Amino acid sequence: SVVKAMISHTKGRSVMNQTHHSWRSALDAPLDRSVRILVLLLLVPLLLSFTQPLWRISLQAPQYPNGLTMDIYAYKLRGGNDGQDINEINELNHYIGMKKIERSEFTDLDWIPFAFGILALLALRVAAIGNLRSLVDLSVLTFYVSLFAMARFVYREYVFGHNLDPHAAVKIKPFMPVILGTKQLANFTTRGMPYTGSVLLGIFVLGLVTAMIWAFSRRRRTESRAVRGAEELGRSLAAGRAN
């Protein structure tokens, strides 16, 4: 029984080692040409996302029939009506004690452009000389950057809504400004939603996931064909010896 247990343990370690080696060889394998082309094409929505608003905050009230809008880009803020809407929003925020919305308050817009640039360079490298491991690394980094940037945006909105001036003309309880969806504040209906830039960034992320799945499946099919070929060759050799 001891011998059987040792044999079973040895077989188990052998299977684990083979699996580990298979994963490592799959990750280190060069990407198929079709996968490289897909990653290269994904540079288009990534670069375009830099030129489009990532998020839009809008306010509507009877005194503003056309509404007020503020678009958040990867590197700047832009108000509707040639920028005048941000001034109007700041006037309204002043009455309830909110800080003035300025580009300098959104410090995350200083590093996001560099993050987008790094992602673009890494995607170009993956398309040119990358392997499956580099594609996985790029996908994980893109997910982390997107999640971290969104978390920072939520935190910044929280700070704006909770650090109110106690001497403001209109006293309200600290609140969480709208991030996604609709929220009512006095007679104002505020809305927050992802905009064109976020859609383009989402296409980039989903495209990377698709490229990973595609690369893994093609690698598995290649390995399966190689195994079947080796088995057929072994059977042919065995048949030849028998004859």
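Is K99 buried, partly exposed or exposed, and what is its relative accessibility? Select K99 in this predicted model: at 37% relative accessibility the residue counts as partly exposed, where buried means under 20% relative accessible area, exposed over 50% and partly exposed in between (1.4 Å probe, protein chains only). Residues are numbered from 1 along each chain as its sequence is written, and side-chain values use heavy atoms, without hydrogens and water. Local features need pLDDT of at least 70 and side-chain atom pairs count only at pLDDT 80 or more, whereas totals for chains, interfaces and linings use all residues.

Move on to helix α4, residues 112-129, helices being DSSP runs of H or I with at least four residues and strands runs of E with at least two, numbered from the N terminus. Colour I112, A115, F116, L119, A120, A123, V126 and A127, which are buried; they lie on the same side of α4 because they cover an arc of only 140 degrees around the axis, taken from the directions from the helix axis to the C-beta atoms. On the face turned away from that side, look for the exposed residues F114, L121, A128 and I129.

How values were computed. The expected span of a helix is 1.5 Å times one less than its number of residues.
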